[in-house]
Amino acid sequence: MKREIVVAVAGNPNVGKSTLFTILTGEIAHVANWPGTTVERKEGIRRHRGRVIRFVDLPGTYSISATSPEEIVAREYIVSGEPDLVLVLVDSTAPERTLNLAVQVLELTSRVVIALTKADAAHSQGIHIHVDKLEEKLRAPVVLVSALKGTGIRELLDTILDVAEGKRSGKSTLRINYSWLEPYISEVESLLRKQNVLPEYDRRWLAIKLLEGDRRLEDLLIQKGLKTVVEKTRSLRQAIERSTGRSISEHIITSRFNYVDSIARETVVRVPAPSAPMFSRIENLLIHPLYGPPLGLLILLAAFTAAFALNTGFPLNIVFSSIGLSEVAELVEEYSLSGLVEKGFSILGAKTAEILYAAGAPSWVVALIAEGVIPGVGSVLSFFPLIVIIYAALSVIEDSGIGPRIAVSMNRFFNYFGLSGKAIYPFMIGLGCNVPAVLASRASIEEEERKQIIVSVPFVPCQARLIVILAFVTAYFRKPVFQALSIISIYAVALLLALATSLATRRVYFRKKTPPELILEIPPIHRPSFKVVWWLTWDYSKHFLRKAGTLIVLLSIATWWLLSYGPGGIVEDVRASYGAILGKAISPLLLLYGVGGENAWKTAFALIQGLAAKEALIETIAVMQGGEVSTKEALLALGLTPLQAYSLLVFMVLYVPCFATIAAIYLETKSLKTTLVSMLYMIASAMIISLTIYYLGQLILLVAT
Amino acid sequence: MIPLAYLPPGTRARIVGLTGGYGQTRRLMEMGFTPGTQVEVLSSGPGPLLVKVRGVVVALGRGVASKIIVEPMR
């Protein structure tokens, strides 16, 4: 009675798994990757009747065959002996489809509890399921739940405990009649019994999988020195398929679905229910070939503009200042979320420094905390409101069912660049911040597409880069037309480069001529639930904090060190720091843009600073010009021509977004090589493009005069 | 018998078979596209098809949809 109960939670995508998981556990206790994979593993704890239940979320899959890393992870965890039982979620609004996974798990293990999710939605759609009859058919406990209404949760937990404590459980695994295949299954079973092959697996299940030609199991057997068994099942399979002319796996999947259909016929009753006409009109518009893409883009852009406005004041500040209300614009900026967080942290830093000095702490400790740690935490937190808002907007779009439709309507566009419509999310998120954009590459099922997104999305100009663009453009271009043109053209160059990178990666590196195939389930459109949106938002945001937060803080400490230490120890003047030395070392490169002398190394140094955070680039230039001038004056003091300013700006937007994004690339690829190569690629393409612009511009100017 | 991709919107058909790679065929079947199953084309334009199968709407790229062979129903 001491040990905790471990429950593996399995279910198809879209069955409401994350919602039920959240309500079961209240909070996610632990997020990590499954060993050796980039598949995410979530865990949560629940106490019930004095026992501790640990829920382990398996990836959402349609089956437990071995066609994807997710399916392998799910299946191998179920047989690992770690979970006491498997909780399989079945969508009660689509039982004919989602029961398939439950049946597959029941063929593998008898310790199963089935939760019929979305009971409320099924009820309003006129779908009724006879729970008792279903239990009888599947010989496993079935509980009807609604995560939104909170019904059935207590009963589900009771059932889980009962099964775990052995009070209630199926005696044996489920047997489906595979008709003409049965004699062969028995034949393989007896072979497996004789050799005592993989006793942790259900023998009949193992026999069926080997007949299907499951690669993963075959490899496992070969590793265990059971090559003869594999050879026997292989030749048996080939003989059967030759003599019957049919594929065994097709026969098995079809038989299983026929079995599911037969159960559904006896347990599911449908009565006509009124449908909501307004939703179907939205649905039709969203997937319309002509109106769909612009409407989808409009919804996403509106949501994201609102998010940006709340966070940094952009574009409200520009609107206000352009109509002559510059004071209002400044207020909007000052009281935007990131403005407030930044202000709070600079006050906190100063106060902490005072207190530490008074307490007699050594000066490097004071500096480390006040200038390294606190601003680091501050920069994580000043990102945070933006990320929370973006995720909230995304959760609304996702939960309402609008999201997948936008992905469908954008599919054709992204196909041109070797991507599927799902790529719209990382690209949209990237306009806010590249870190969550890289993490969002997970939405793709195809490994190649995922990698393409990871290496191309960092070119999408994020909000930090927008700040740099705005500062330069307003300093160097006076006419609003030129300002607008340069902003738009820079975004166009960056987005095109991102898309071209993706296409090139697919064609040249992966050698794939066709874009990824879209296979995407489309859930019905419905009013988003506040609860679900909140859970999703909080879950994503915490994920960001955990993953990126630590790294950003560490990197900001490293930057502090680079700027405060020189060969002679702590330096008073940044101009003697390691950072400045590094800046001087790379400053000759700026001669290529016709920038030399003092301004060259100042700019080079600012570029290094920009690696920590792009917005720091502007601040650095201001500090280096003596600090007592406005940003605009500081930028103008660099004495650049408009052409130099524009081409350097292009470079600043395109080269490595920030260390945090690099960290995210590493976390998602788990490959140091890919990370370094993509970093070099970004710097190289930034140089080539900006220099091309510079020299082409020079040429045009020369011809024109 | 024609590929699903060529069906006009509003038609129902019965799946006859799937061509294409092992992984994709399997994934499609596990999502409910098994031979003998009835499908309904909800929309079909220049982009992906929307197909209803086993009570669920699935978007299929035209490439995938041309690998599902169906028999149209009256």
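Predicted model: local features only at pLDDT ≥ 70, side-chain atom pairs only at ≥ 80, totals over all residues.
Sorted by class, the side of chain B that touches chain A comprises 14 nonpolar, eight polar and five charged residues. Polar contacts between chain B and chain A amount to nine residue pairs, with both residues at pLDDT 80 or more.

One of the salt bridges joins A:Asp261 to B:Arg54, with 2.8 Å between the closest N and O atoms.

## Extent of the interface

The size of an interface is often expressed as the accessible area lost when the parts come together. Between chain B and chain A, the buried area is about 2700 Å², and carbon and sulfur atoms account for 63% of that area. B:Arg26, B:Glu30 and B:Arg54 provide 26% of the area that chain B buries against chain A, more than any other three residues. In terms of contacts, 27 residues of chain B meet 32 residues of chain A.

## Strand pairing across and within chains

Strand pairing also connects the two chains: strand 10 (residues 519-522) of chain A and strand 5 of chain B run antiparallel and are joined by four bridges. Within this pairing, A:Ile519 has B:Leu60 in strand 5 of chain B as its bridge partner.

A:Lys42 is partnered by A:Asp57 of strand 4 of chain A. The hairpin formed by strand 3 and strand 4 of chain A has two residues between the strands, and A:Arg49 in this hairpin adopts a positive phi near 45°.

## Salt bridges over the whole structure

Over all chains, the structure contains 36 salt bridges. Among them is the pair A:Glu96 and A:Arg270, whose closest N and O atoms lie 2.7 Å apart. This pair links distant parts of the chain, since A:Glu96 belongs to helix 3 (residues 95-108) of chain A and A:Arg270 to strand 9 (residues 268-270) of chain A, 174 residues apart. A:Glu96 counts as buried because its relative accessible area of 15% falls under 20%. A:Arg270, at 44%, is partly exposed.

A further salt bridge connects A:Asp120 with A:Lys149, the closest N and O atoms being 3.8 Å apart. The two residues lie in distant parts of the chain, 29 residues apart: A:Asp120 is in helix 4 (residues 119-124) of chain A, and A:Lys149 is in the loop between strand 8 (142-144) and helix 6 (153-164) of chain A. A:Asp120 is partly exposed, with a relative accessibility of 25%, whereas A:Lys149 is exposed, with a relative accessible area of 60%.

The pair of A:Asp261 and B:Arg54 crosses between chains, from helix 11 (residues 248-267) of chain A to the loop between strand 4 (49-53) and strand 5 of chain B. B:Arg54 counts as buried, with a relative accessibility of 11%. Elsewhere, salt bridges with shared partners unite A:Arg49, A:Arg51, A:Asp158, A:Asp162, A:Glu165 and A:Lys167 in one network; A:Arg49 is also the hairpin residue with the positive phi.

Conventions
Residues numbered from 1 in each chain as written. Chains lettered and ligands numbered in written order. Heavy atoms only, no water. Contact = heavy atoms within 4.5 Å. Buried area = accessible area lost by both parts, 1.4 Å probe. Salt bridge = Lys/Arg side-chain N within 4 Å of Asp/Glu carboxyl O. Polar contact = N/O pair within 3.5 Å; in protein donor to acceptor, adjacent residues only side chain to side chain. Nonpolar A, V, L, I, M, F, W, Y, C, P; charged D, E, K, R; others polar. Pairing = 2+ DSSP bridges. Buried < 20%, exposed > 50% of the residue type's maximum accessible area, 1.4 Å probe, protein only.
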